[in-house]
Amino acid sequence: MIYIRRVQGKSMLPSLTPGRVVVAIHKKWDIGDVVIARVRQIEVIKRVSSFSVSKVCLKGDNRNHSQDEDVYESQVIAKVVWPRGLTKV
């Protein structure tokens, strides 16, 4: 399945600007990848900062406008594959 979403908010600046369109697919993700996840009935676009057996910690790139989210793996919907080059070193 392909997911096309528009970025809302400033949590992923400077990597993703508000209004930017992203494309995501159901694909294996890893630390540093940007994903779409369902948190409290809404979808968020965040970066995977760490994960354990069943929990995933998501963070925005803009630490001034981001709330960290701890979610279950099952809440991660898809990995953002476009725009390319979003992997944070």
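I began with Arg40, which I found in the loop between β3 (34-39) and β4 (42-51), where strands are DSSP runs of E with at least two residues, numbered from the N terminus. The model is a predicted one, in which local features need pLDDT of at least 70, side-chain atom pairs count only at pLDDT 80 or more, and totals for chains, interfaces and linings use all residues. Residues are numbered from 1 along each chain as its sequence is written, and side-chain values use heavy atoms, with hydrogens and water left out.

I looked up phi for Arg40 and noted a positive value near 50 degrees in a residue other than glycine. Arg40 counts as exposed at 58% relative accessibility (buried is under 20% relative accessible area, exposed over 50%, partly exposed in between, with a 1.4 Å probe and protein chains only). Gln41 lies in the loop between β3 and β4 as well; its phi is positive, near 70 degrees, and Gln41 is exposed with a relative accessible area of 73%. Most residues other than glycine have a negative phi, and most peptide bonds are trans.

I then turned to the peptide bonds, and noted a cis bond joining Leu13 and Pro14, with omega about 0 degrees; Pro14 sits in the loop between β1 and β2. Another cis bond joins Trp82 and Pro83, with omega about 5 degrees, and Pro83 is in the segment after β7.

Last, I followed the open sheet, whose seven strands run in the order β1-β2-β7-β3-β4-β5-β6 with antiparallel pairing, two strands being paired if DSSP finds at least two bridges between them. Because β1 (2-6) and β6 (69-72) stand at the edges with a single partner strand each, one side of each is left without a neighbour in the sheet.

How values were computed: Helix = DSSP H or I, 4+ residues; strand = E, 2+ residues; numbered from the N terminus.
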